[in-house]
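Visitor: I am new to reading protein models. Could you walk me through a few features, one at a time?
Guide: Gladly! Let's look at the model together.

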Amino acid sequence: MEKKEYTITLYTENSIGLIGRISGIFSRRKINIESLNTSPSEAEGIHRFTIVINESEEVVKKLCRQLEKQVDVLKAYYNTDEEIVWQEQALYKVPADVVTEKLYVERLLRQYGASTVVIRQDYIVFETAGHREEIDRLTEELNKYGLIEFVRGARIAIIKNSAGFHEKLMEFDHREPSPNLVENEYLDQRGSVFTM
Amino acid sequence: MNTIQKTGYKPQVEERGKAIEISGSKAVLEALLEEGVDTVFGYPGGAIMPIYDALYDYNSQLKHILVRHEQGAIHAAQGFARSSGKTGVVFATSGPGATNLVTGLADAMIDSNPIVCITGQVFASLLGTDAFQETDVINITTPITKWNYQVTDASEIPEAIARAFHIAATGRPGPVLIDITKNAQLQLFDYMGYKKCSHIRSYRPEPEIRNEYIEKAAELINQAQKPFVLFGQGVILGKAEAEFKAFIEKAGIPSASTLLGLSALPSDHSLYVGMLGMHGNYAPNVMTNECDVLIAVGMRFDDRVTGRLDQYAKQAKIIHLDIDPAEIDKNVKTTVPVWGNCKKTLPLLTELVKSNNHGAWLDQFRELEKEEIKEVIHNELNPSGPVMTMGEVIKALNELTNGDAIITTDVGQHQMVASRYAKFNHSKSSVTSGGLGTMGFGLPAAIGAWYGAPQKTVIAIVGDGGFQMTLQELGTIMQFGAKVKIIILNNEFLGMVRQWQQLFNEKRYSFVDITSPDFVALAKAYHIEGQKVSEREDLKEALKKAIDHDGAYLLEVMVGKENNVFPMVTQGSSVSDIRLK
């Protein structure tokens, strides 16, 4: 079957170590993760993973079943690019003189909707968000003008048709609210604990 | 003391009046008692010492079996779980203690055994510092546990253990590991009582049963001319033996077992047509590619069952009943998936299927069975040559046990022979390592199986190779008096590898010739009675003596060095290309 880009959306508990458990499901099948983002979801205490892979639908479907099988995973969806609204963020560090002296660079940045994040004498940092092709095109253009540094963030995506699960999620959140995360409180008390 | 709840947890412990201040270690043991645990297999060490210290006061309620290696502990717990239907419990210390559980965890994971492992861990303040005997046991065991969790504060213990037992035993069972830091074991906290876990927000152990699929499945079965049932351990795990029997009897469908499904249906049932797979019976393998509807019940289409997938049952419509939705379509594309516990789905299906008797179709199995008897079984069970075969040992054993014993096996040729020829009258009486194929499993599993069903005769059938991987558990038998009968089928080879080398590597016997100690003398060193048999005329009497002996017994039987296990589906072949010789 033909491989294409799929975006997997997972709703999970906010558990320590879950990212390892999830990434292990991909790595054991030798599937490369193109992009991975984790963040809180609209429901408190429930996290959302957005994972991009290039695979056939059959493989993605099986992966989602394996993912959903994990105790801490509430739901797994997979979607093609057409079924989601998605964005990737990018930061570009460009020499300041190029922007100030060459107006066409500024025009280029305007054209791509980039906004300024930091202005220094030696460099300027721009930020933009969009589809990967747009970001890649801007990167290519800025490379011609001495792009110093570039970083792109992981994909974030909203499923166009996810109203049904949103309702369920909010119901979960209402019925079974999650407690707050507590980190290991002993890690800074090494000296005061007796060891064998 | 305030209650610390880790991520994703909702407190479930209810107040039962006034709080009592107890240690984390005591809370562990209280939790086990609340879960109905009476037997624990384990090995102490520095990081789990507080739990062992607390155990000193619980001796009358909790039986602790001190094994000789942590791998022995977890295989024993697996044997316990498989023979009793309960959850097996293991204690181990941190670092090497915990890593010695890894093989057993992987084995339990693939064979769906409900196990709760409790490991000690270094003080929470030392986590991540490469402290003495520290390993990152959570990350090491993540892919081979159904769930794992590290406790760093005593107040987490009751809920963590309650969740562990719930997760291990529900849905598709599996191993769970709780790693408890030493400070949490020592720490005093306000114990508010224990509440069993019956619900976890993100965990749905059983998928919703969809009636439309039951109806569709029944329709396919009712239209079928040549329906065929493959059943696996899901029938036993779902405690659905009676429901399964009712289903096949009403529909009149020939039924074959996977290796782990053995004993779910009595071996002498009129619809039982044998075992599937690489060394399974001839008829079920061949007829898989002849049937028109294949009904898989609680089995997972392992590659040792299917052979070449692209030639597997291509002509058949496939109905797959499984509690684990991830198994549907994983290996074999299903026509109708029937999600759910087969204890619930089978009666729904039975209600809708018509009474039938596929007599002519069943006769086809019996015809092929006759061929297998003529070509393979007769010679294996009634050899004319002077050298004993493994099959005749199992046949003699059947005559003595009448199919009522629990049989554990190790892994290799003897495992396949025992699984092919042993008779089982009762469910949960075949205990073997299927998915992982772990050599060294048989002996410790037998110890656990005996504790799980002490009223039964438990027989470990092992090879000379696998036995030497965990033979130190003879010490456990000696100390605790587990009445396990050990039958070593000694062919002085790592037999299965040798068979492959013979068949596929032009007899290049590379490092399969294994020298063994004097097993009987070894048993005697552990104060276990034993005998070695090399002549056929001594076999039956020796077996009888072993079984009648009040206590553990080791019987070493010398069998043919280069005997092979047939039939065989060679790797990369279709199941219908099964070789009879």
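Visitor: Where in chain A does A:His131 lie?
Guide: Keep in mind that this is a predicted model. To place a residue, find the elements on either side: A:His131 sits in the loop between β7 (123-130) and α5 (132-143) of chain A.

Visitor: Which residues does A:His131 touch, leaving out those up to four places away in sequence?
Guide: A:His131 touches A:Trp86 and A:Gln87. Look at A:Trp86 on the chain: 45 residues separate it from A:His131, yet their C-alpha atoms are 7.1 Å apart.

Visitor: Is A:His131 buried, exposed or partly exposed?
Guide: Its relative accessible area is 29%. Buried means under 20% and exposed means over 50%, so A:His131 counts as partly exposed.

Visitor: Now chain B, please. How many helices and strands does chain B have?
Guide: Chain B has 23 helices and 20 strands. Its radius of gyration is 24 Å, close to the 25 Å that the globule rule gives for 581 residues, so chain B is as compact as a globular protein of that length. Buried residues make up 63% of chain B.

Visitor: Into which domains is chain B divided?
Guide: There are domain 1 (20-191), domain 2 (211-365) and domain 3 (382-558). The C-alpha centres of domain 1 and domain 2 of chain B are 37 Å apart. Where these two domains of chain B are in contact, 9 residues of domain 1 meet 8 residues of domain 2.

Visitor: How should I read a helix?
Guide: Start with the general idea: an α-helix has 3.6 residues a turn, so residues three or four places apart point the same way. Now try helix α1 (residues 24-34) of chain B, where the buried residues are B:Gly24, B:Ser25, B:Ala27, B:Val28, B:Leu29, B:Ala31 and B:Leu32. After α1(B) comes B:Gly36, with a positive phi near 80°.

Visitor: What should I know about phi and peptide bonds?
Guide: Most residues other than glycine have a negative phi, and most peptide bonds are trans. With that in mind, look at B:Asp130, a residue other than glycine whose phi is positive, near 60°. B:Asp130 is found in the loop between β5 (115-121) and α6 (137-141) of chain B, and it is exposed, with a relative accessible area of 72%.

Visitor: What is phi of B:Phe511 near?
Guide: Phi of B:Phe511 is near 55°, again a positive value in a residue other than glycine. You can find B:Phe511 in the loop between α21 (495-504) and α22 (519-525) of chain B. At 79% relative accessibility, B:Phe511 counts as exposed.

Visitor: And the peptide bond from B:Phe566 to B:Pro567: is it cis or trans?
Guide: That bond is cis, with omega near 0°. B:Pro567 belongs to the segment after β20 (553-558) of chain B.

Note on methods: Residues are numbered from 1 along each chain as its sequence is written. Chains are lettered from A and ligands numbered from 1 in the order in which they are written. This is a predicted model: local features need pLDDT of at least 70, side-chain atom pairs count only at pLDDT 80 or more; totals for chains, interfaces and linings use all residues. Side-chain values use heavy atoms; hydrogens and water are left out. Helices (H or I, at least four residues) and strands (E, at least two) are DSSP runs, numbered from the N terminus. The radius of gyration is taken over C-alpha atoms; the globule rule is 2.2 Å times the number of residues to the power 0.38. Buried means under 20% relative accessible area, exposed over 50%, partly exposed in between (1.4 Å probe, protein chains only). Domain bounds come from an automatic or database domain assignment. Contact means heavy atoms within 4.5 Å.
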